[in-house]
Amino acid sequence: MKGREERKFFDSLLLHKSLVKEVFKIKGMHCASCAMIIERAVLKLVGVKSAQVNFGSETLLVEYDEKKLSPKDMEKVIGEVGYKLLAPPASVPFSSGTSAGEEGKSFLALKVIGMDSPHCAMVVEQAIKTLSGIEKVEVDYNNARAKVLFSPEQTNEEQIEKVIRDAGYKSIRETSETQNLLEKEKIEREKELSILKKKIIAGAILSIPIFLGSFPQWFPFWPSILTNYFILLVLTTPVQFWVGSRFYRGLVVLFKYRAADMNTLIAIGTLAAYIYSSAIAFFPGFFAKGGIEPKVYFDTSAIIITLILFGRYLEILAKGRVSEAIKKLMKLQAKTARVIRNGKEEELSIEEVMVNDLVLVRPGEKIPVDGEVTEGRSSVDESLVTGESMPVTKEKGSKVIGSTVNLSGRLIFKATKVGKETLLSQIIKQVEQAQASKAPIQRLADLVSAYFVPAVLVIAILTFIVWFFFGPEPAFIFALVNFVAVLIIACPCALGLATPLAIMIGTGNAALKGILIKDAESLEIAHKVKVIILDKTGTLTKGRPELTDIIAVEGDQNKILQLAASLEQYSEHHLAKPIVERAKNEKFDLFEVKDFEAIAGKGIKGNLIIDGREFPGLIGNRLLMKESNISLGNFEGEEDLSSSSPFAATWVKEIEKLEEEGKTVVILAVENKIKGFLAVADILKETAKEAVRVLKKEGLEVWMLTGDNERVAKAIARQVGIENIMAEVLPQEKAEKVKELQKRGKLVAMAGDGINDAPALAQADLGIAMGEGTDIAMESAKVTLMRGDLTLIPEVISLSKRTLAIIKQNLFWAFFYNIAFIPVAAGVLYPFFGILLDPIFAAAAMAFSSLSVVLNSLRLKRE
């Protein structure tokens, strides 16, 4: 039975290691219903954790257990429902951080400038897939990244970059030098802003005379020569084709890749107004004969383009602040390291540092990589990585984190993790993955976005038809104006940005506070948690014993500590270390000990050498004292072993009180006389009590889980203010305890730090790992607290509430804007109130709808 439980325990620890995430191409889909059929079929397969079918990109994104399932199994079941899965050869999945392609394949990672919406991502993906030899493509518009696996015999990196350029975007090849990539991205963004600024100024300068010249009846002071239709055409043409050149990629995408985005809508709308107005300028008589007043709409075209570009300019400025967290983390990285090789000191670039190199760090310098101190003592500022505000003392054997700052002393340490393996690199990777992931609340927005542009095109065409055949005279003018208004007012970008921007800012802010959130779903679910389980050791407590009390029966506390530490100095027992450390910290000289003997399960015997004389000493538990005929008085039912007890009743009560607090008491005797006793305990973290108070105030049901006996568990729980206890729980039983609480229908969070907590962390709806804990605990958890501060748990819940509130506001306004204004633009209010929406106002509204979502999301940075 025990063997089966252990196997189950370790299987649960390693289960996530066999999960892989793959992208497959699907052939034969014709509509969204096809995607739903395939998705349901795949989800029924044993071993599938999640599956998402994208009709727009004709792909299946699936996370599955490769030990239970293969691509061939998926190919078979998809074939059975009438579709074809193009299974690639066995490969390393992108999600595992592939840096080199499969055998015979090449891998390319790109930063795609300008790809900032689901539509853009779809366009880029479809453009890349037009090339032959493309094996796999992953596009992430939140972080503006594309990953491509391709056959070098059939295509190359330059061709991939070319089709991205043809689709209207610019790409930067990613390298391992994240700082260089950051600088390149900054340069590209500044270049785009500079170009936009020039075009906006030019557009505004030209739009003013175009607008004034289009309405001579309103502005009689305007020179008549500037009201001439040909002059207006000349002024409008550079605005239409130079200032608005970026929008024509929408037409390229429409005809070349059979896809449409917001640029398509703007290009069609403004071109319709421009072409119609140009026809009026050249053939006014033709339209007059047809009963149409020869009126031009050059102002509509020019002002719409200028306003939308102005909105885009403000949006880019605002969005530059969204990814500040990642940029701050990247900027922490040191660029050089001082390495000692062959006894010589040399300065190397950070990429040249190797594992086991000895690295020298002077006061005020950054620690370049992760490592272990071999020489020196110093204080290190870890605040920018862990969020810990107080400097941390580092000495021989201490772990150091790359990118932290050495404050006072000189340190030499052995490099243990370099490059992408350092803690900071892992933090950056995890934050990026969290920002790229989708929250469940985003699914509706994604579903709407997928069909939004085609739907708007249909609505615009229907609007034109209805107004042309059933509208009042001049019907064609009404039809054209409303057609343009519908195309311009629609804003799919607001829907696409509503969730990911808030997620990016939320997870980025969390990282800067020392909270690593693995995915968007975890951020969304955190505020819904109703029950939280706190593991005792290492979570509520510091996870290491400390000397808490010294009580002197004879002499003073300092003498008791000096004698006890002298006897314990050669002991390997975990209770000896805190006693000896305290004595050393207080600079006590320890006495020599002869005939040292460690007695398993009881304590230590030895002869103390004091001023040249030997004094027999003992330190240990009550059993050792009893076997040595040293009386403890009438303690827990024991009869006195001598006629006169050295312990008064108050001492006995003091021991009982300490043991009821969950402390271990060791007794010190010299020359067969009790001198005093010392209490050692794994003490509570300073923040534990306050964290529990806040969690209970938030309405959470708080439980403590421990392997300790009931008495010790109650003592610890009482100190911290927890009423619900699960005591004497074996490691393999922890996950079952989580399940028991989940069966009550509530979402359960679990906080722990050890290997034995990993199954429970994985089982919980929200697993929270302490940053100073084990790697496997952090891998199993959805949230990691980098400095193990329990007050960060309420902060996670608070951040979740704030982020979800922002997302809901964004989605409400994005949906409300489109639902309310598209019908108005189509003219549904005209028969009742005579209200029509001018395309110029539609452009202004559309331009600022995306901006409002960005600005609303940025409020998270201030909260």
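Strand β13 (residues 378-381) pairs with β16 in the antiparallel sense, over two bridges. Two strands count as paired if DSSP finds at least two bridges between them. Strands (E, at least two residues) and helices (H or I, at least four) are DSSP runs, numbered from the N terminus. V380 stands opposite N406 in β16. Three strands make up an open, antiparallel sheet in the order β14-β13-β16. Its edge strands, β14 (392-394) and β16 (405-406), each pair on one side only.

The model is predicted: local features need pLDDT of at least 70, side-chain atom pairs count only at pLDDT 80 or more, and totals for chains, interfaces and linings use all residues. Residues are numbered from 1 along each chain as its sequence is written, and side-chain values use heavy atoms, with hydrogens and water left out.

Helix α6 (residues 178-214) contains E192. E192 counts as buried because its relative accessibility is 16%. Buried means under 20% relative accessible area, exposed over 50%, and partly exposed in between (1.4 Å probe, protein chains only). The C-alpha atoms of E192 and G114 are separated by 9.0 Å. The two residues lie 78 residues apart along the chain.

F470 belongs to helix α15 (residues 442-470). At 69% relative accessibility, F470 counts as exposed. V458, I461, L462, I465, V466, F468, F469 and F470 make a nonpolar surface patch of about 810 Å². Patch residues have over 30% relative accessible area and no salt bridge; nonpolar side chains (Val, Leu, Ile, Met, Phe, Trp, Tyr) are joined within 5 Å, like charges within 9 Å. A salt bridge is a side-chain nitrogen of Lys or Arg within 4 Å of a carboxyl oxygen of Asp or Glu. Accessible areas come from the Shrake-Rupley method with a 1.4 Å probe; for residues, only the protein chains shown count as cover.
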